[in-house]
Amino acid sequence: MANEKLTRAERLYANYKARQEEKAQQGQQKDQNFLTLVEGPTVVRFLPHWSDPEEMPYVETFVHYPGSRNIRELLGELPDNIPMSENCPRQMYQKSCPYCDFRRRLFQKGSEMYVKLAKDLFPKRRYFANVVVISPEADPADVKVFPFGVTIRDEIEARYSGDEEMDVELFDVKVGHNVRITREGTGLTTRYKFVPSTRPSKLPDKEALSKLIDLSQYTKCSDKEALQAGVNAMKAALAGSNLTDDLKSDQAGNDPDDTMPF
Ligand SMILES: [Zn+2]
């Protein structure tokens, strides 16, 4: 059996198993306090800043996803030393970023595949807020970190637009509004509906305030060596993929130090 070619069903099963493992690994890496929205409605209460109620209650990060599904599909199986995600020091702190440098080189190469890879490595905005889950029923003092993207950020900011019709307080402990966020679909077709309750309410359990999570931990960047190691691993994966065919002549050039295509 071992030498026989896999049937289509067996291959699909192998893919399925691989995805399950991938998800399990990612799940383990993730903070256990993360709130991941499942399909359907979840009612949450956004919480104030962890130490100063006048500060922004959520943090903004810019994230490269070298281990994203798109990149895996482009390059095939990626080695373990390519991280799922890395904060971008250039976008966040105006410091040099090996991933951004790598993207620039890919764009310079110009071929369709390199440009696609460069686009997939574009740093995306990701936000983190403290919340408690109101429904489905959960411990109202169990503070979760809610990661979200620009769609939900826009929904939040729209409630502070200065338009009385639209404005709703979301973060206040006494007069904030709960929000029903409904997730529809999965993957690229995922949509979110964001509907604040019509009436304000008190935070259901004040104990949550003693459990607020310092979100500044999500704004840290790996050191430059670690970032460079990830990029090097990507270059190695790229060198082993068929993407590099058009670079072979490139490599035969006069630069003996430039052993990698980039
Ligand atoms: Zn970057």
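On helix α5 (residues 112-120), the face turned away from the buried side carries the exposed residues E112 and K119. Helices (H or I, at least four residues) and strands (E, at least two) are DSSP runs, numbered from the N terminus. Bear in mind that this is a predicted model, in which local features need pLDDT of at least 70 and side-chain atom pairs count only at pLDDT 80 or more, while totals for chains, interfaces and linings use all residues. Residues are numbered from 1 along each chain as its sequence is written.

Now turn to the other side of α5. Its buried residues are Y114, L117 and D120. They cover an arc of only 120° around the axis, which puts them on the same side of α5; the arc is that of the directions from the helix axis to the C-beta atoms. An α-helix has 3.6 residues a turn, so residues three or four places apart point the same way. The cover over the buried residues of α5 includes α2 (69-75) and α4 (98-109). Contact means that the C-beta atoms of two residues, placed from the backbone, lie within 7 Å.

How do α4 and α5 sit against each other? Two packed helices are described by the angle between their axes and the distance between the axes. The axes of α4 and α5 come within 7 Å and cross at roughly 155°. Axes are lines fitted to C-alpha atoms, for helices over the stretch in contact, and angles run from 0 to 180 degrees between N-to-C directions. The two helices are therefore roughly antiparallel to each other, on a scale where angles under 35 degrees count as roughly parallel, over 145 as roughly antiparallel, 65 to 115 as roughly perpendicular and the rest as oblique. Their crossing is left-handed, a term used if the near helix is turned anticlockwise from the far one by less than a right angle, with clockwise giving right-handed. On the α4 side the contact is made by R103, L106, F107 and K109, and on the α5 side by Y114, V115, L117 and A118.

At 1.5 Å a residue, the 16 residues of α7 should span 22 Å, and its end C-alpha atoms are 22 Å apart, which agrees; the expected span is 1.5 Å times one less than the number of residues. The buried residues of α7 are L227, G230, V231, M234, A237 and L238. Seen down the axis, they fall within an arc of 115°, so they line one face of the helix. What covers them includes α2, β3 (86-87) and α4. N232 also lies in α7, but counts as partly exposed because it has 16 C-beta neighbours inside 10 Å. The C-alpha atoms of N232 and P98 are separated by 9.3 Å, although the two residues are 134 places apart along the chain.

Next come two buried strand residues. N130 is found in β4 (residues 124-135) and counts as buried, with 26 C-beta neighbours inside 10 Å. Leaving out residues up to four places away in sequence, N130 touches L47, W50, V143, V145, L212, I213 and L215. K144 lies in β5 (residues 144-148) and is buried too, with 22 C-beta neighbours inside 10 Å. With the sequence neighbours up to four places away again left out, K144 touches N33, F34, L35, V131, V132 and V133.

Most residues other than glycine have a negative phi, and most peptide bonds are trans. A cis peptide bond joins S135 and P136, with omega about 0°, and P136 is in the loop between β4 and β5. Q94 is in the loop between α3 (89-93) and α4, and its phi is near 55°, a positive value in a residue other than glycine. Q94 is exposed, with 8 other C-beta atoms within 10 Å.

Stepping back, the protein chain has eight helices and seven strands. Buried residues make up 24% of its 262 residues. Among contacts between residues at least 6 apart in sequence, 66% join residues at least 24 apart.

Note on methods. A residue is buried if 20 or more other C-beta atoms lie within 10 Å of its own, exposed if 12 or fewer, and partly exposed in between; C-beta atoms are placed from the backbone.
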